[in-house]
Amino acid sequence: MKPNIKNNEVAVFALGGLDEVGKNTYGIQFQDELIIIDAGIKFPEDDLLGIDYVIPDYSYLLENKDKIKGLFITHSHEDHIGGIPYLLKELNIPVYGSKLAIAMIRNKLSEHRLLRDAKLHEVTEDSVIKFRKLSVQFFHTNHSVAESFGIAVQTPYGHVVQTGDFKFDFTPPFGKDANLQKMAKIGEEGVITLLSDSTNAEITGFTDSEQVVNESINDLVENIDGRIIFASFASNLSRIQQVIRAARLSNRKVAVFGRSMINGIEIGRELGYIKEDPSIFIEANEINAYEPHEILILCTGSQGEPFAALSRIANGTHRQISIIPGDTVIFSSSPIPGNTNSVNNLINSLSEAGANIVHGKINNIHTSGHGAQQELKLMLRLMKPKFFVPIHGERRMQHEHQELAVQTGVKEENTFILDNGEILAFTEEYARRAGDFNAQDVYIDGKGIGDIGNVVLRDRRVLSNNGLVVVVATIDKNKRKILAGPDIISRGFIYMRESGDLIRSAQAVAEKSIQHSFGYKQINEYKLRNDLIEDLKKFLYTETERRPMILPVVLTK
């Protein structure tokens, strides 16, 4: 059903961020004005072989580019800003965000050579960005990164509020407190629709404060004897400041590995979030000049990313450092959904190399940046929305959040769980589902954007599971004669030196197939190749119960 938004209706939708984690991108639209909130990126799951990142399809935004007033950023995590370079390549629109978010975005755009033409605007909680029909304001929230905002868009029917990722931390170790007063004020002014973070909707009570993690980090660093390798998100500047401070208190020097970690620390020092004396840092090549108990290594790769510093350290391919017995590796993060297997494999590799492992589930070394049920209820009570849309997390979490909304006074018929691309349109009197648009995943593979589709992914899965068989032959079409071959080449299917009988039998099948094709009134090369594929496929499955990809190479004279 195509989008069907009436002229008097406000519409909200997500290109990514509903029913999944990652690539968060939302739209709020009224007549000829469209506000975009966040432009995230998603890390690929294990079945997306060779894919680097996943972004949403921006086609709907391109179709409505004349209506777009700007991109507004809630905070600086990758799943909220990672897609910005790809969006700005399509649409050079103004970007509004906190000082920290803009610094992170500037660094990202510089890598993509997009900084010169970018329109970046720093905002504070007191900023109000006004357009003819809509206006945008911000309110401070708590999250696992500093300067996190909720965003309120003023429409003719009241505020549409998107909370961003949030929790209520009453002892935050960094930044400002969550501005409950402003949230309550926005609620009193009237919230027509609330889009709220559902990630921890299944967890009762409150999420632990970052202060709990701070105390655990101090205890761990003080009591570990050998070298410490500390893996965390580069954007989590408060966590990085905590561990650098703990290193100083235990008389350790800090070495930094990973480009994003180096860039994050540089930005954190510029903005005052990392305040330790620069003398605590040492260069990578200075590590061996110190005893193991005098070193703490900060690095990227806590999500098992194959090319991040920690993965290269684990598999022995890092140029400057490898695991030595007695090392302790601390994972100060939880696996992002889809990354669990990668993280577990990384932990196993590190353990096999002789490292001791510390992770968040055991030692309070990580706490979530997302609010649990009581915090979600508090947000609902403060905002008092008429209509409610749970966002972020997985579908079962959104259902749980929907129930919490009903408990706090939202009418059940006024709650909507949407799919990506589905539009909710409303006035002050009603809300309705108003059609949808294409919001499929777009895959990024190297420099290719959107050129990897389901067929290519299917082929990659076949290759990874069953391998490749190439059959090569040279034929004379006029004389209907085989001049050379057919030869069989195997890659990832069988070990050819030990499978002579199978190879010879496959050659015989291929020769018979080609000879059969010579019997056609007119030799069709396309039909000849298809016959080769089908005949070899049947033979190899009968003999091995495997289905390798078969690639015929037929040269004609």
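In this predicted model, A14 stands opposite Y26 in strand β2, within a pairing of β1 and β2 that run antiparallel and are joined by six bridges.

- Strand β2 (residues 25–30) has six of its six residues buried, so the strand is largely enclosed by the rest of the structure.
- In a regular strand, side chains alternate between the two faces of the sheet.

**Aromatic contacts**

- The structure holds ten aromatic pairs, among them the pair of F13 and Y60, whose ring centres are 5.2 Å apart and whose planes stand at 75°, so the pair is edge-to-face, the class that applies over 60 degrees.
- This pair links distant parts of the chain, because F13 belongs to strand β1 (residues 10–16) and Y60 to helix α1 (residues 59–63), 47 residues apart; both F13 and Y60 are buried.
- F13 also forms an edge-to-face aromatic pair with F437, at 5.3 Å centre to centre and with 90° between the planes.
- Elsewhere, one aromatic cluster is formed by F72, Y96, F131, F138 and F149.
- A charged side chain is placed over a ring at Y541, where R547 lies over the face at 4.2 Å from the ring centre.

**The second largest pocket**

- The second largest pocket has a volume of about 310 Å³, and of the 24 residues that line this pocket, H140, E147, F149, K176 and Y273 are the closest to its centre.
- The elements giving two or more residues to the lining of this pocket are β9 (135–141) and β10 (148–155).
- Sorted by class, the lining of the second largest pocket has eight nonpolar, eight polar and eight charged residues.

**Loop residues**

- E147, one of the residues closest to the centre of the second largest pocket, lies in the loop between β9 and β10 and has a positive phi of about 55° although it is not a glycine.
- The relative accessible area of E147 is 18%, so this residue is buried, given that the class applies under 20%.
- Most residues other than glycine have a negative phi.
- N251 has a positive phi of about 60° although it is not a glycine, and its place is in the loop between α7 (237–249) and β14 (253–257).
- N251 counts as exposed because its relative accessibility is 66%, and the class applies over 50%.
- S209 is found in the loop between β12 (191–197) and α6 (210–223), and this residue is buried, with a relative accessible area of 14%.
- The C-alpha atoms of S209 and D169 are separated by 5.4 Å, although the two residues are 40 residues apart along the chain.

Key
Residues numbered from 1 in each chain as written. Predicted model: local features only at pLDDT ≥ 70, side-chain atom pairs only at ≥ 80, totals over all residues. Heavy atoms only, no water. Phe/Tyr/Trp six-rings, centres within 6.5 Å; stacked < 30°, edge-to-face > 60°. Helix = DSSP H or I, 4+ residues; strand = E, 2+ residues; numbered from the N terminus. Buried < 20%, exposed > 50% of the residue type's maximum accessible area, 1.4 Å probe, protein only. Lys NZ or Arg CZ within 6 Å of the ring centre and 35° of its normal. Pairing = 2+ DSSP bridges. 1 Å grid on protein atoms, 1.4 Å probe; cavity = no way out; pocket = protein on both sides within 12 Å on 5 of 7 lines; lining within 4 Å. Points joined across faces, edges and corners; volume = space filled by probe spheres on them. Nonpolar A, V, L, I, M, F, W, Y, C, P; charged D, E, K, R; others polar.
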